[in-house]
Amino acid sequence: MLLWRKGSDTVQEQGDACAALGACGLPMTPIFCGGAWRVMQEGEQWARGRNVVALRPGLVASCSRTEATLRSLEQAGVRIIPSMAFLGGDVRIGETDRAVLTFEGSELVCGGGGPRCTTMPVLRDGF
């Protein structure tokens, strides 16, 4: 990863995107899909743990099946909220809250998709 700042004559090499962002004053800590264990990471990659859709800054929707990923997010201070609790009015989400709305998405995974995939338009000739 290369880092160049406006007005600078030099380019600095950074180890990764998080290091480059930190050098720019935007520190970022990665949260790994599947948590810290490699076996869980591989399993939840298959279950679409990385496939979320942003609803607004700090709020995303995710399948509830990616339990290790959701636990990692929760450990990082992100609220995990079942969508039915939110829709039923049992839980409120503040404008600045960091949260994940979860929903049952087992059929999406069977088809090779996830929450983000459901938001992407499909354009076909002749339709």
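Colleague: How do you know what confidence the protein has?

Modeller: From pLDDT, the predictor's confidence in each residue, on a scale from 0 to 100. The mean for the protein is 82, and 84% of its residues reach 70 or more.

Colleague: Where is confidence lowest, and where is it highest?

Modeller: Helix α5, residues 106-110, is lowest, at a mean of 66. Strand β5, residues 79-82, is highest, at 96. Where pLDDT is low, the predicted coordinates should not be read in detail.

Colleague: What makes up the secondary structure of the protein?

Modeller: 5 helices and 6 strands. Along the sequence the pattern runs β-β-α-α-β-β-α-β-α-β-α.

Colleague: Why is Ser 72 called buried?

Modeller: Buried means under 20% relative accessible area. Ser 72 has 14%, so Ser 72 counts as buried. Its place is in helix α3, residues 67-75.

Colleague: Which other residues are buried in α3?

Modeller: Ala 68, Thr 69, Leu 70 and Leu 73 are buried there, along with Ser 72. After α3 comes Gly 77, with a positive phi near 95°.

Colleague: What does Ser 72 touch, leaving out residues up to four places away in sequence?

Modeller: Ile 31, Phe 32 and Gly 35. A contact needs heavy atoms within 4.5 Å.

Colleague: Is Gly 35 buried or exposed?

Modeller: Gly 35 has a relative accessible area of 8%. The cut-off for buried is under 20%, so Gly 35 is buried. Gly 35 lies in the loop between α1 (17-23) and α2 (38-46).

Colleague: How do you know that Gly 35 and Thr 69 come together in space, and how far apart are they in sequence?

Modeller: Their C-alpha atoms are 5.4 Å apart, while 34 residues separate them in sequence. Gly 35 also touches Thr 69, and its other partners are Gln 41, Ala 68 and Ser 72, not counting residues up to four places away in sequence.

Colleague: What share of the contacts in the protein, at a separation of 6 or more, comes from residues 24 or more positions apart?

Modeller: 41%.

Colleague: Why is Ser 64 called partly exposed?

Modeller: Ser 64 is at 26%, so Ser 64 is partly exposed. Ser 64 sits in the loop between β4 (59-63) and α3. Its contacts are Leu 70, Thr 102, Phe 103 and Glu 104, leaving out residues up to four places away in sequence.

Colleague: And why does Ser 83 count as buried?

Modeller: Ser 83 is at 17%. The limit is under 20%, so Ser 83 counts as buried. Ser 83 is in helix α4. Ser 83 touches Leu 101, Thr 102 and Phe 103, again not counting residues up to four places away in sequence.

Colleague: What makes Asp 97 and Arg 79 a salt bridge?

Modeller: The cut-off is 4 Å between a side-chain nitrogen of Lys or Arg and a carboxyl oxygen of Asp or Glu. The Asp 97 and Arg 79 side chains meet at 2.9 Å, N to O. Asp 97 lies in the loop between α4 (83-87) and β6 (99-103) and Arg 79 in strand β5, so the pair ties together parts 18 residues apart in sequence. Side chains of opposite charge can pair when their charged atoms come close.

Colleague: How many salt bridges does the structure hold?

Modeller: It holds 1.

Colleague: Why are Asp 97 and Arg 79 called partly exposed?

Modeller: Asp 97 has a relative accessible area of 23%. Arg 79 has 34%.

Colleague: How many disulfides does a search of the whole structure find?

Modeller: The search finds 0. A disulfide would need a pair of cysteine sulfur atoms within 2.5 Å. Cys 18 is partly exposed, at 22%. Cys 33 is buried, at 13%.

Colleague: Which residues form a nonpolar patch on the surface?

Modeller: Leu 2, Trp 4 and Val 11, with about 360 Å² of accessible area together. Val 11 is in strand β2, residues 11-13.

Colleague: What percentage of the residues count as buried?

Modeller: 30% of the 127 residues of the protein.

Terms used. Residues are numbered from 1 along each chain as its sequence is written. This is a predicted model: local features need pLDDT of at least 70, side-chain atom pairs count only at pLDDT 80 or more; totals for chains, interfaces and linings use all residues. Side-chain values use heavy atoms; hydrogens and water are left out. Helices (H or I, at least four residues) and strands (E, at least two) are DSSP runs, numbered from the N terminus. Buried means under 20% relative accessible area, exposed over 50%, partly exposed in between (1.4 Å probe, protein chains only). Patches are made of residues with over 30% relative accessible area and no salt bridge: like charges are joined within 9 Å, nonpolar side chains (Val, Leu, Ile, Met, Phe, Trp, Tyr) within 5 Å. Accessible areas come from the Shrake-Rupley method with a 1.4 Å probe; for residues, only the protein chains shown count as cover.
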